[in-house]
Amino acid sequence: MNGISIETLFSGIGAGLSITVILTVVSFVAGSVLAVPLALARTSHLWGLRWMAIGIIDICRGVPPLVWLLIIYYGISPLIALEPLPAALIGLSLISGAYLAENFRAGIDNVHKGQREAAMALGLTPTHQFWRVVAPQAVNIAMPPSASYAVSLLKDSAKASIIGVADIIFMAQLEVSRGAPAVLVFSIAAVLYLLVGIPLSYFSRYVDSVVRRKVVTV
Amino acid sequence: MDKTENRVILNANSISKSYGAHDVLKDISLEVHAGEVIALIGPSGAGKSTFLRCLNYLEHPTSGGLTLDGEQVFRNPLNPSKQELVQLRRRLGMVFQSFNLFPHLSVLQNIVLAQTLNGKRSKQEAEEYAMKLLTQVGLPDKASAKPSQCSGGQQQRIAIARALALDPEIMLFDEPTSALDPEIADEVLKVMRDLAETGMTMIVVTHEMRFAERVADRVLLLDGGRILEEGTPEQVFTNPTQERTKTFLQAVLNR
């Protein structure tokens, strides 16, 4: 082991940590934004819109994330020079958009129907019925599964290393190629994922308990 | 009981409603006079709630039409526009069996929401009016509470205040006390009685025969989607013309 210490490995692999966090946070936020129109289309009474949304959601969720990243990277980069990181961000945002849209849809569907009726009976416009009465409650219902999805997104982000995004795994492989022992290197990578993942899953449990106190089943 | 005027405020004209081959309402007509309190009674499945919900179009009738204050509510009753629906519902208040307060809002916000969204009052005016109504239903100290922190009876009184906040011309009550213990139901019935005394026009679907007897100006007994018996409480309760009315009243009064 020519001068390889655990400290240097940690700092070498840890250099990918910020990229992993960026991948997770940015694609979660962008996914949430994408999920709103998707969920609205998914619950629309216009069948064309509804089926389009179902199609997009099924395709985004049905193809493995790794395959998506490869298709986007190799498919788009010849057209408009696309760096690995933006390609991975696009791919992971689309996938999380599809997953979160399903959560939002379940949230909308699970708001008690008496809520919408009460809003109608008060003479609210359909827009106000949805945004002021249904949506705030739907978000509460969708929050816990979405927070736990963030944890699986963190783990899915590891696949971005395949297209050359310099995340934790990419940096780990770099260390292995320089002769560091693979088991040690990937164990360090695992520890780094846990450092982010465990607080995140505690946070998602916390969100769940808060929402449980807040959402009242009528 | 002279608060009832002769002016017909609502006219439901030949309302029918079917789900597929199942006819829930068969050609029901009703003239409601301003200030009148009408109790709709009858066995479960008679169509009472469905009829009430046809009046504010939470259910769309299969045929028939509505006239409010002498004017047709819809240009085409079978295909009402969104605008027409909103306008109709702003003139009719509704109270549900399961209260349906908005759980994500405080009690005060529940009463303020539609006032401001419908452009009826400014936020400050709406809050002042909401406090006035909360005081009227005896719950001024619950303004900042969440609905989940209120008892069933309190929630229903808040729901009444919420409906009143839009100054409705008619109040529709859909079994307002059916989800409540008898003792708790009384506090809601008292609010409704007080409201009736102010001259509010009310249509009440209810199983509370004592309320129907004491507060209603007119009692309608529905059975099988038709109006079977209609008259003053005295006529219906002491002198029913139909055999079915007698058996129904015996069953509910001897509970």
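# Close-up views of a two-chain predicted model

**View 1. Polar contacts between chain A and chain B.** Between chain A and chain B, seven residue pairs are in polar contact, both residues of a pair being at pLDDT 80 or more. The model is a predicted one. On the side of chain A that touches chain B, the elements giving two or more residues are α6 (113-121) and α7 (126-156) of chain A. Of these, α6(A) gives the most, with seven residues.

**View 2. Extent of the interface of chain A and chain B.** Contacts join 19 residues of chain A to 24 residues of chain B. About 2000 Å² is buried between chain A and chain B, and carbon and sulfur atoms give 67% of this area. The residues of chain A that lose the most area to chain B are Glu117(A), Ala121(A) and Leu122(A), which together make up 28% of what that side buries.

**View 3. The salt bridge across the interface.** The rule finds one salt bridge across the interface of chain A and chain B. The side chains of Glu117(A) and Arg53(B) meet in a salt bridge with an N to O distance of 2.6 Å. Glu117(A) counts as buried because its relative accessible area is 12%, under the 20% limit. Arg53(B) is likewise buried, with a relative accessible area of 12%.

**View 4. A salt bridge within helix α5 of chain A.** Over all chains, the structure holds 18 salt bridges. In one of them, the side chains of Arg105(A) and Glu102(A) meet at 3.3 Å, N to O. Both residues lie in helix α5 (residues 84-109) of chain A, where Arg105(A) and Glu102(A) are three residues apart, about one turn of the helix. Arg105(A) is buried at 18% relative accessible area, and Glu102(A) is buried at 14%.

**View 5. Asp167(B) and its salt-bridge partner.** Asp167(B) has a positive phi of about 50° although this residue is not a glycine. With a relative accessible area of 34%, Asp167(B) is partly exposed. The side chain of Asp167(B) meets that of Arg121(B) in a salt bridge (2.6 Å, N to O). This pair links distant parts of the chain, 46 residues apart: Asp167(B) is in the loop between α5 and β7 of chain B, and Arg121(B) is in the loop between α3 and α4 (123-136) of chain B. Arg121(B) is buried, at 18% relative accessible area.

**View 6. Surroundings of Gln155(B).** Gln155(B) belongs to helix α5 (residues 152-164) of chain B. Its relative accessibility is 16%, so Gln155(B) counts as buried. A polar atom of the Gln155(B) side chain lies 3.2 Å from the backbone oxygen of Cys150(B). Beyond neighbours within four places in sequence, Gln155(B) is in contact with Phe99(B), Leu101(B), Pro147(B) and Cys150(B).

**View 7. Backbone of Asn100(B).** Asn100(B) sits in the loop between β6 (92-95) and α3 (107-117) of chain B. Phi of Asn100(B) is near 55°, a positive value in a residue other than glycine. Asn100(B) counts as buried because its relative accessibility is 2%.

**View 8. A nonpolar patch on the surface of chain A.** Ile6(A), Phe10(A), Val191(A) and Leu195(A) form this surface patch, and together they have about 330 Å² of accessible area. The elements giving two or more residues to the nonpolar patch are α1 (6-14) and α9 (182-214) of chain A. Val191(A), in helix α9 of chain A, is partly exposed, with a relative accessible area of 37%.

Definitions and conventions. Residues numbered from 1 in each chain as written. Chains lettered and ligands numbered in written order. Predicted model: local features only at pLDDT ≥ 70, side-chain atom pairs only at ≥ 80, totals over all residues. Heavy atoms only, no water. Helix = DSSP H or I, 4+ residues; strand = E, 2+ residues; numbered from the N terminus. Buried < 20%, exposed > 50% of the residue type's maximum accessible area, 1.4 Å probe, protein only. Polar contact = N/O pair within 3.5 Å; in protein donor to acceptor, adjacent residues only side chain to side chain. Contact = heavy atoms within 4.5 Å. Patch = residues over 30% accessible without salt bridge, like charges linked within 9 Å, V, L, I, M, F, W, Y side chains within 5 Å. Areas by Shrake-Rupley, 256 points an atom, 1.4 Å probe, with all protein chains shown as cover. Salt bridge = Lys/Arg side-chain N within 4 Å of Asp/Glu carboxyl O. Buried area = accessible area lost by both parts, 1.4 Å probe.
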